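Here's a quick look at one helix and at some aromatic rings. Have the model open as you read.

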Amino acid sequence: FDQNLRQIPGCSYPVGANFSNLPMPADSPFRSSWWYRTEFHLPALDAGKFVSLHFDGINFRANIWLNGEQIATSDDVAGTFRIHELDVTSVARAGATNTLAVEVFPQDINDLAWTFVDWNPMPPDKNMGLYRDVYVTTSGPVTVRYPQVVSNFDLPSLDVAHLTINAELRNASDTAIEGSLNCRFEGVQVMQKVKLEPHETKQVSFTPGQYRQLNLEHPKIWWPVHLGPQNLYSLETEFVLASGKSSDLQNTRFGIREITSEIDKQNHRVFKVNGHNVLIRGGGWASDMLLRFSPERIRNEFGYVKDMNLNSIRLEGQLQPDYFFDLADEEGILIMAGWCCCSHWEHWTYRGDYQKGPVWEKKDYDIASKSQTDQIKRLRSHPSLLVWLNGSDNPPPPDVEQMYIDILKQYSWPNPY
């Protein structure tokens, strides 16, 4: 069985080589583009609403058509770790059948894409295609995205949690919109009036200095496994138009906890959760070779992590679906997330012994920036996230590192990096 993969056309790369750094072989059927096509019914009740089409993961580029009209090109839809939300209001047909066609292109050696390095064999198509969910959402003119709660304590005391709530609002309409952003959890409510210009995206925050109720006494605290319970709250974030009509609503789970990091006198990196030292005991995580999603498998593997008395998982570029991080929150497993080594992710402006290929161009900076932005906004609300790693085997050069750090700060990454 161990050699079966190599019987597939286009799998002739040298045994043990990092296929990410090698071009598709001449006999590969995956050198060209491949197609997805499906039909779906959009309920008539959605007439008059704003319609968004979501792609949570495409490797690596894609052209997209809806009802025969091209709505995105491979110049814009590029990057394995991008998350795409496309406004298809003018193209979608409520109360009728809609046809979606996606032409996907494989990653090249000079793409910021998926790589297993030596954690898994790379399949002959380099995992090209749609590897995460594709779905439709409807809303009023203003959408709510990526709600987050940041916790701070007056350490070492844990008696009061000072909470900051952040969310992203987007006005999909051609006119200015006024309304209020309302947030609710466990009897706590806050409201803020907001005005959005046409097609404006705005980050909105509620701070404990402005809203006294966000200074929560005797909170139920989230702890990593072995240290305490994994208490989780449910946050409801809603944008209400000036007319009183709800435009969009999101539900998000969060944990009240604070993670800090420092260097001790012996030059060791020390992590603290809620002011308590935590010894990080973890291992590297490899995805299914074909990126197939199985909740049962993920649950079983989390069980193995706990059976081995570990408390952490390291994802070197193996950024997982939302279910993985939800489960980490529930099980109290700390996650070390970040970018990968040994491929174009580390080709920046120089080549190491194992780094063969072109150095970064302007397009790579653009894709890296957008990938970091999308993943930080997606992951920032999970209490299980311990740290974000901007590099792996090597630190990025100053310009790339500063670009990454600016994004972490802009989108309120609450953890060490």
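What follows covers the helix, then the ring pairs, then charges over rings.

This is a predicted model, so to speak: local features need pLDDT of at least 70, side-chain atom pairs count only at pLDDT 80 or more, and totals for chains, interfaces and linings use all residues. Residues are numbered from 1 along each chain as its sequence is written, and side-chain values use heavy atoms, with hydrogens and water left out.

Start with helix 2, residues 322–331; helices (H or I, at least four residues) and strands (E, at least two) are DSSP runs numbered from the N terminus. Phe324, Phe325, Leu327, Ala328 and Asp329 are buried there (under 20% relative accessible area, 1.4 Å probe, protein chains only). The partners of these buried residues include helix 1 (295–307), helix 3 (362–379) and strand 24 (385–389), with contact meaning heavy atoms within 4.5 Å. Just past helix 2, Gly332 has a positive phi of about 75°.

Now the rings. Phe, Tyr and Trp rings (six-membered for Trp) pair if their centres lie within 6.5 Å; planes under 30 degrees apart are stacked, over 60 edge-to-face, the rest tilted. That rule gives 22 aromatic pairs. One of them is Trp339 with Trp388, edge-to-face at 5.3 Å centre to centre and 90° between the planes. Trp339 sits in the loop between strand 23 and helix 3, Trp388 in strand 24, 49 residues apart. Both are buried. Ring pairs also tie Trp339 and Trp388 into a cluster including Phe81, Trp114 and Trp413.

Finally, charges over rings (NZ of Lys or CZ of Arg within 6 Å of the ring centre and within 35 degrees of the ring normal):

| Charged residue | Ring | Distance to ring centre |
|---|---|---|
| Arg6 | Tyr13 | 5.3 Å |
| Lys126 | Phe19 | 4.6 Å |

Conventions. Buried means under 20% relative accessible area, exposed over 50%, partly exposed in between (1.4 Å probe, protein chains only).
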